[in-house]
Amino acid sequence: MRPFFYIFKGGNPLYIIEMRNITKSFPGIIANDDITLQLKKGEIHALLGENGAGKSTLMSVLFGLYYPEAGAIYKNGEPVQIQGPNDANRLGIGMVHQHFKLVHNFTVLENIVLGVETTRSGVLQMKEAREKVLALSKKYSFDIDIDKEVRHISVGMQQRVEILKMLYRENEILIFDEPTAVLTPQEIEALMQTMRDMAAEGKSILFITHKLDEIKQVADRCSVLRKGKMIGTINVAETTKEEMSEMMVGRKVLLSLDKEEASPGETIMSVRNLTQKGKAGEKDPLKKISFDVKAGEILCIAGIEGNGQTELVYALTGLKHIDGGQVTMEGVDITKAKIRKRTETGISHIPEDRHRHGLVLEYTLAQNTILQTYYKPTHQSMGFLKAREVIAYANRLIERFDIRAGEGADTPARAMSGGNQQKVILAREIDRDPKLLIAVQPTRGLDVGAIEYIHRQLLAQRDSGKAVLLVSLELEEVMNVSDRILVMYEGEIVADVNPKDVTFRELGLYMSGAKRMESGVAV
Amino acid sequence: MNRDAVMSFLSSLVVLAAGLLIGFIVLLVSNASASWEAFRTILTFGFSGIRNVGDVLLGATPIIMTGLSVAFAFKTGLFNIGATGQFAFGGLTAILIGTNFEGMPNGLRVLFALVAATTAGALWGAVPGLLKAFRNVHEVISCIMTNYIGMFLVTFLIDRYAFNPAIGKSQALPEGSNLPTLGFERIFREEFLPGFFRVSRVNAGIVIAVVVAVIIYIILEKTTFGYELKACGFNKDAAKYAGISQNRNIVASMMISGALAGLGGALLYMSGTESMGASNVLLPYGFTGISVAFLGLNHPVGIIFSGSLVSYLFLGGARTQVMGFSIEVVEIVISVIIYFCAFVFLVKTFLGKHIGKLLRRKGERGDGA
Ligand SMILES: Nc1ncnc2c1ncn2[C@@H]1O[C@H](COP(=O)(O)OP(=O)(O)OP(=O)(O)O)[C@@H](O)[C@H]1O
Ligand SMILES: [Mg+2]
């Protein structure tokens with residue numbers, strides 16, 4: 001049944017944006033199948049759906065990056081043609097992409113005005129731009145140094161640059177594609193507030209996220225996609241988290257994890273006095289870190305981003321040399337070992353940055369599944385890759401980890417949805433049957449169903465006697481999954497606690513450096 | 001044929017057409033009345049007669065090799081503009097061996113010359129490779145330097161050991177030191193008077209080039225070595241994460257790249273058509289190789305075709321001299337056409353985006369996220 005107003009040729013003027021019957025396919029998959037989405041002026045409209053459901057695709061259609069095979073877009077009831085980002089911009093549509101698109105050696109200010117510079121007789125006029133940007137930044141209390149080069153500012157700040165870009169262009173329809181996936185809890189809090197402020201001013205916001213809490217906090221309405229189809233739009237205030245996740249996955253999802261008590265065994269990895277010197281004038285990222293990871297436990301490194309977690313993982317996996325201390329794996333000293341050697345001792349590594357370390361985007365899904373094992377006899381003989389076995393192997397992982405990609409094992413990694421890219425890495429690293437799994441933010445960008453699955457996998461690893469070192473910024477995950485928590489603050493371990501004996505508040509105090517345990521930490 | 005291959009082919013055709021158009025305008029400006037005739041010659045001469053076909057293949061041989069050289073390095077993320085120097089080194093080695101070592105049986109001497117030239121190219125390519133791997137010197141800089149060092153060294157050595165004062169160039173190789181012709185002379189020939197033939201000098205070189213291209217294809221696509229090389233080229237951080245040794249691959253890639261160019265030099269100077277000048281000029285083959293690699297979209301099989309095509313244009317272009325076009329104009333026209341080839345990737349991306357749109361066909365590939 002179509003609502004009555006469909007008898008008119010135009011769109012419904014009630015909505016600032018109406019995407020009607022949009023269909024967009026890619027090789028082997030219909031990413032958006034006859035989707036209708038209606039955005040009211042001044043609302044925050046969340047978009048929820050499993051990995052690969054078609055959320056980014058739909059937003060890319062609205063922003064002019066893809067052209068749909070069928071369907072129409074209306075603004076305030078008038079049909080509009082959006083052939084590219086320039087058209088979108090002209091219509092007041094702006095987008096913050098899942099992976100930012102900034103010029104790294106330009107300053108914040110230069111990035112913001114890039115593409116819409118004012119010039120007078122060919123000379124750049126930055127003064128007005130500067131004033132306008134400063135005013136905007138002040139209005140939303142962004143606290144950003146607009147003369148810094150983008151490569152020197154944090155991810156959270158980079159996102160603010162992206163937001164300022166939209167505001168500077170006076171966009172009134174703002175698209176956020178998983179903006180919170182890369183932020184710390186504090187930054188997320190600030191972003192939520194910014195979004196509320198912008199909506200209060202009459203801007204309309206489309207907001208993709210996998211976190212139901214965030215939807216609950218800020219969104220007015222939420223549209224749910226599943227496998228390319230629109231399932232429905234609901235009023236957030238009248239719906240529970242459980243209902244939303246059921247709508248999205250098509251079955252009930254356990255939002256909390258119940259697990260057995262851990263029974264730690266032998267020490268697998270042991271770290272002593274690990275030290276990393278900072279560059280001149282900077283703090284040391286790692287100061288005499290010591291701890292053990294035992295078989296059969298999930299040890300979690302918690303902390304606010306930038307307190308040495310990244311450096312610690314680099315040091316353990318060999319991505320960076322260390323300046324002092326010792327790392328042993330089952331008693332064997334690997335402090336100086338090459339990366340391949342460490343991998344061979346049974347270390348798996350789910351890296352923090354999936355595009356930088358985790359994947360070769362130009363390779364296919366199948367080629368990425370053998371990134372760590374291509375040289376093993378299972379995948380090659382006499383220097384030749386066994387093409388058929390590799391495909392068969394990839395298909396097994398696709399099956400087991402429910403990886404969704406248009407062309408199966410042959411899909412280029414670049415053409416996969418963000419969450420499914422993450423699943424490829426997880427599958428590869430877990431399937432190697434490691435003795436120690438180092439997982440950095442393993443569920444970043446995954447939908448609730450996939451998170452549930454991954455958490456179960458981590459537990460299964462633990463229960464089969466493997467050691468798991470989990471680095472996470474999310475308190476919820478830390479508390480739910482781990483058996484023991486180490487808190488890092490300014491390159492040191494300031495607490496070693498059991499999740500059962502600690503409250504969220506206490507953990508927060510440790511993480512912010514307000515509190516620390518004195519003796520016997522960690523070893 | 002998959003979609004990607006179709007797109008590659010189409011985009012190569014598009015840049016070629018654009019290049020030809022501008023080339024035609026240059027001809028028009030330089031001599032309007034003869035321009036159409038000259039343009040037609042450029043387009044058709046290579047196929048007008050079987051002997052010309054042979055000459056196209058002969059001319060394609062060295063630039064297919066330098067094209068492969070550039071493309072191979074490129075797959076590892078390296079820009080080998082040193083192919084020229086490696087080519088010269090290989091050529092020099094072949095000449096020195098071909099004009100000496102009289103005691104050796106012919107077949108053995110040819111084989112020896114080919115192997116030695118390949119090795120010489122590899123060693124010359126290793127220099128920028130090592131500098132990049134262990135001293136982090138950008139390969140473009142060190143390639144430029146090795147090109148010049150190579151050029152002077154070649155001049156010096158030719159002058160000393162294989163100089164023919166009559167032509168001011170290197171001595172011709174004795175016939176027995178040239179590549180076998182495999183009976184091609186009975187195919188690629190034209191009877192210009194009863195019983196008299198003009199014969200193309202095309203020889204085993206083109207066969208070697210094609211075989212090498214296929215081997216390179218297999219290395220890149222089917223072996224773990226190729227998998228490593230390409231991983232380094234596409235994403236060096238991910239390669240490092242996977243425990244792949246960046247340094248080893250940079251050196252290996254530059255050596256193979258150099259070997260290909262070096263072999264190319266041998267194939268050229270062992271054809272009995274060219275002598276090496278002892279006059280301090282950089283040879284053009286390495287630079288032409290860059291265009292050939294681009295036009296062939298860095299694909300070994302594509303390079304066989306793009307090399308042949310460029311050779312075809314050169315042959316036709318050279319022919320227009322008989323219509324009074326100066327060699328400079330001819331060079332400009334051919335260069336314009338080749339320069340356009342550099343846009344091939346741009347065109348491919350563009351086509352990928354818009355053809356799909358126009359035909360309402362499925363699929364573009366961008367950032368999935
Ligand atoms: N550029 C592309 N080329 C080919 N297929 C693509 C491309 N972009 C997306 N797809 C496919 O379309 C489907 C939808 O992808 P999309 O990125 O929209 O998912 P998503 O809902 O944003 O997922 P996620 O939560 O994982 O980011 C996926 O199956 C993906 O493989
Ligand atoms: Mg997405």
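This is a predicted model: local features need pLDDT of at least 70, side-chain atom pairs count only at pLDDT 80 or more; totals for chains, interfaces and linings use all residues.
To color them one by one, pick A:K55, A:S56, A:T57, A:L58, A:M59, A:S60, A:V61 and A:L62.

Keep A:S56 highlighted and show ligand 1. A:S56 is one of the residues that come nearest to this ligand, together with A:F26, A:A415, A:S417 and A:G419. The ligand has 25 residues around it, and its place is between chains A and B.

Then color by domain: domain 1 (14-92 + 172-252) and domain 4 (360-433) of chain A each give the shell at least three residues. If you color by residue type instead, the shell around ligand 1 shows 8 nonpolar, 13 polar and 4 charged residues.

Next, bring chain B into view. The contact involves 38 residues of chain A and 24 residues of chain B. On the chain A side, select strand 1 (15-26), helix 10 (339-344), helix 11 (354-358) and strand 20 (384-385); each of these supplies at least two residues that touch chain B. By type, this side of chain A divides into 20 nonpolar, 12 polar and 6 charged residues.

For another helix, go to helix 4 of chain A, residues 126-139. It has 14 residues and spans 20 Å from first C-alpha to last, close to the 20 Å expected at 1.5 Å a residue. After helix 4 comes A:S141, which has a positive phi near 40°.

Finally, zoom out to the whole of chain A. How many helices and strands does chain A have? There are 17 helices and 24 strands. The radius of gyration is 24 Å, close to the 24 Å that the globule rule gives for 523 residues, so chain A is as compact as a globular protein of that length. Along the principal axes, its C-alpha atoms fill a box of roughly 75 × 55 × 50 Å. Buried residues account for 46% of the 523 residues in chain A. Among contacts in chain A with a separation of 6 or more, 68% join residues 24 or more positions apart.

Technical notes. Residues are numbered from 1 along each chain as its sequence is written. Chains are lettered from A and ligands numbered from 1 in the order in which they are written. A residue is near a molecule or strand if its C-beta atom, placed from the backbone, lies within 6 Å of it. Ala, Val, Leu, Ile, Met, Phe, Trp, Tyr, Cys and Pro count as nonpolar, Asp, Glu, Lys and Arg as charged, and the others, Gly among them, as polar. Domain bounds come from an automatic or database domain assignment. Two residues are in contact if their C-beta atoms, placed from the backbone, lie within 7 Å. Helices (H or I, at least four residues) and strands (E, at least two) are DSSP runs, numbered from the N terminus. A residue is buried if 20 or more other C-beta atoms lie within 10 Å of its own, exposed if 12 or fewer, and partly exposed in between; C-beta atoms are placed from the backbone. The expected span of a helix is 1.5 Å times one less than its number of residues. The radius of gyration is taken over C-alpha atoms; the globule rule is 2.2 Å times the number of residues to the power 0.38.
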